[in-house]
Amino acid sequence: MSQENLKEGTGILFLEPVFKKMVWGGERMGEEFHYELPSDHIGECWGISAHPHGDCIVREGYYKGKKLSELWAEQPQLFGNYKAEGFPLLIKIIDAKQDLSIQVHPDDAYAKVEENGSLGKTECWYVVDCGEDAGLVIGHNADSKEQMREMIEKGQWKEFLRELPVHKGDFIQIDPGTVHAIKGGLMILETQQSSDITYRLYDYGRLVDGKPRELHLAKSMDVITVPAKDVSSSVKSTLGLPENTMNVLEANQYYTVWKIDVKKEFSLEQGYPFMNMSVIEGDGMINGQKIKKGDHFVVPSGFGKVELQGDLCLIASAAGAR
Ligand code: ZN
C-alpha cells in the first residue's frame, strides 16, 4: 500500500498554509513569501500543522485535498507509525509588525493537570529577517520567586523583562517557563510542539476592540522559571555554519531542528519517521520537483534519498527524542 502511494508523484506532502489574522500582524508575508494573503494584518502562516485551529491541506499529488490530521489518522505508515496522539509539531512563520504580548508556556506536566490533559509547549525561533536594532524579550531579571511576584504585581515591566538584541540568522530555544515576546519588525520561523497553551503575562496595556486582552497572571507566575537561563545560552548565531550540511540547531525530547544551506547540490538520507521542511530563502528542486521560498512540506517515512538542488535555505525538523 505505502509503496503504491509513494509511486504517485514524488511522495512528498506539499501543504497549503493556513493564515491567521492578528492585531499585531502585517502584510510582509505576501510580499516576501509570495503568499496570497486572505486579509491584511496576517500575523501567522501555519506551514505544517494538523492542529484543529489550523489543519493544513495537501496541495498536490496523490493525497491532494487531504488534511494533515486525516493522513496522520488514516495513513500512519507515512509518518513511520510514530507514536503520538496527533501530528506532534507545528511549523509557523510569524510576521510581527507590532510587538506581541509577553507570554510564557507551561510544560507537559503542568498543562496536563491545569489544562485538561493538554500538552505543554516547547518552541524555538529562527530569525528569518529583522531590522538593525531588533530585539526580543527572552527571560527576566528576577533572582527569586518572591522578587518575580513583586515585580509583576507592581507592574515593574521595564525592570523585570530582559530584552536581548537579535540579528537575522539567530536561533532561540524557548523552554517552557521562559518569559518571551516577539517584538515588532521581526520575521520568524517557529518550530513548536503542536499545542496552543499560552499564558499572557503583559500586553502593554493595549486595547483590542476597545478591551484589554485577557491576562493569566497566576498561571504565569506558577510556571515561570526563576532565575532565567543566562543570556549567552539564550541566543545563538547561525552565521558561518557550513553549507550543504545538516546543521543541528537544537535537539531535545520534542524535536530536532536543522538549518540546511544548499549551494548547488546536497542530498540526505531521510531516516526519520518523517521530516518537516520549510524553504525560507531561494529556490531550486527537490528530487526533480521545483521548490521556492515559502514552500512547506513533509518528507514521509521510507522516502530514502532527498536530493536538493539550487540555492536554498531550509529549516527542517523531526519529532521525538534524540
Ligand atoms: Zn510562545
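Reader: Contact means heavy atoms within 4.5 Å. On that basis, which residues is Gln103 in contact with, leaving aside its neighbours within four places in sequence?

Author: This is a predicted model, to begin with. Gln103 is in contact with Thr178, Val179, His180, Thr198, Tyr199 and Leu201, once neighbours within four places are set aside.

Reader: Where does Gln103 lie? Buried or exposed?

Author: Gln103 is in strand S8, residues 102-104. Its relative accessible area is 16%. The cut-off for buried is under 20%, so Gln103 is buried.

Reader: How far apart in space are Gln103 and Ile260?

Author: They are 30 Å apart, C-alpha to C-alpha. Along the sequence, 157 residues separate Gln103 and Ile260.

Reader: Back to Gln103. Which pocket has it near the centre of its lining?

Author: The second largest pocket. Its lining has 25 residues, and Met22, Glu44, Lys92, Gln103 and Thr198 lie nearest the centre. Strands S2 (18-26), S3, S7 (89-96), S9 (123-129), S13 (180-182) and S15 (199-202) each give two or more residues to that lining.

Reader: How much space is in the second largest pocket? And what is its lining by class?

Author: About 420 Å³. The lining has 9 nonpolar, 7 polar and 9 charged residues.

Reader: And the largest pocket? What volume, and which residues lie nearest its centre?

Author: The volume is about 560 Å³. Glu85, Gly86, Phe87, Leu119 and Ser194 lie nearest the centre, out of 23 lining residues. Strand S4 (50-51) and helix H3 (68-74) each supply at least two residues of the lining.

Reader: How many charged residues are in that lining?

Author: There are 2 charged residues, with 11 nonpolar and 10 polar.

Reader: Switching topic. How is the protein divided into domains?

Author: Domain 1 covers 3-237 and domain 2 covers 247-319. Their C-alpha centres lie 20 Å apart.

Reader: Which residues have the most contacts inside the largest nonpolar core?

Author: Met29, Phe79, Phe87, Ile93, Tyr126, Leu189 and Val298. That core has 38 residues. Domain 1 and domain 2 both give residues to it, so the core lies between them.

Reader: What does Phe79 touch?

Author: Leaving out residues up to four places away, Phe79 touches Leu13, Leu68, Leu71, Trp72, Phe87, Pro273, Phe274, Val298 and Ser301. Apart from this core lies another, of 21 residues, with Ile286, Phe297, Val299 and Leu312 among them.

Reader: And Leu189? Where is it, and what does it touch?

Author: Leu189 is in strand S14, residues 186-193. It is buried, at 2% relative accessible area. Among the residues it touches are Ile91, Ile93, Trp125, Tyr126, Ser278, Ile280 and Ile315, with those up to four places away in sequence not counted.

Reader: What about the backbone at Lys264?

Author: Lys264 has a positive phi of about 70°, although it is not a glycine. Most residues other than glycine have a negative phi. Lys264 is in strand S18, residues 255-270. With a relative accessible area of 71%, Lys264 is exposed.

Reader: What is phi at His41, and where is His41 placed?

Author: Phi of His41 is near 55°, again a positive value in a non-glycine residue. His41 is in the loop between helix H2 (28-33) and strand S3 (42-48). It is partly exposed, at 29% relative accessible area.

Reader: Cis or trans from Val226 to Pro227?

Author: Cis, with omega near -10°. Most peptide bonds are trans. Pro227 is in the loop between helix H7 (217-223) and strand S16 (235-237).

Reader: Last one. What does Glu115 touch?

Author: Glu115 touches Tyr110, Ile197, Tyr199 and Lys219, not counting residues up to four places away. The C-alpha atoms of Glu115 and Ile197 are 8.0 Å apart, though 82 residues separate them along the chain. Glu115 sits in the loop between helix H4 (108-114) and S9. It is buried, with a relative accessible area of 16%.

Key: Residues are numbered from 1 along each chain as its sequence is written. This is a predicted model: local features need pLDDT of at least 70, side-chain atom pairs count only at pLDDT 80 or more; totals for chains, interfaces and linings use all residues. Side-chain values use heavy atoms; hydrogens and water are left out. A nonpolar core is a set of buried Ala, Val, Leu, Ile, Met, Phe, Trp, Tyr and Cys residues joined through side-chain atoms within 4.5 Å. Buried means under 20% relative accessible area, exposed over 50%, partly exposed in between (1.4 Å probe, protein chains only). Domain bounds come from an automatic or database domain assignment. Helices (H or I, at least four residues) and strands (E, at least two) are DSSP runs, numbered from the N terminus. On a 1 Å grid over the protein atoms alone, a cavity is a set of points where a 1.4 Å probe fits but cannot get out, and a pocket is an open set with protein on both sides within 12 Å along at least five of seven lines; lining residues have an atom within 4 Å of a point. Grid points are joined across faces, edges and corners, and a volume is the space filled by probe spheres set on the points. Ala, Val, Leu, Ile, Met, Phe, Trp, Tyr, Cys and Pro count as nonpolar, Asp, Glu, Lys and Arg as charged, and the others, Gly among them, as polar.
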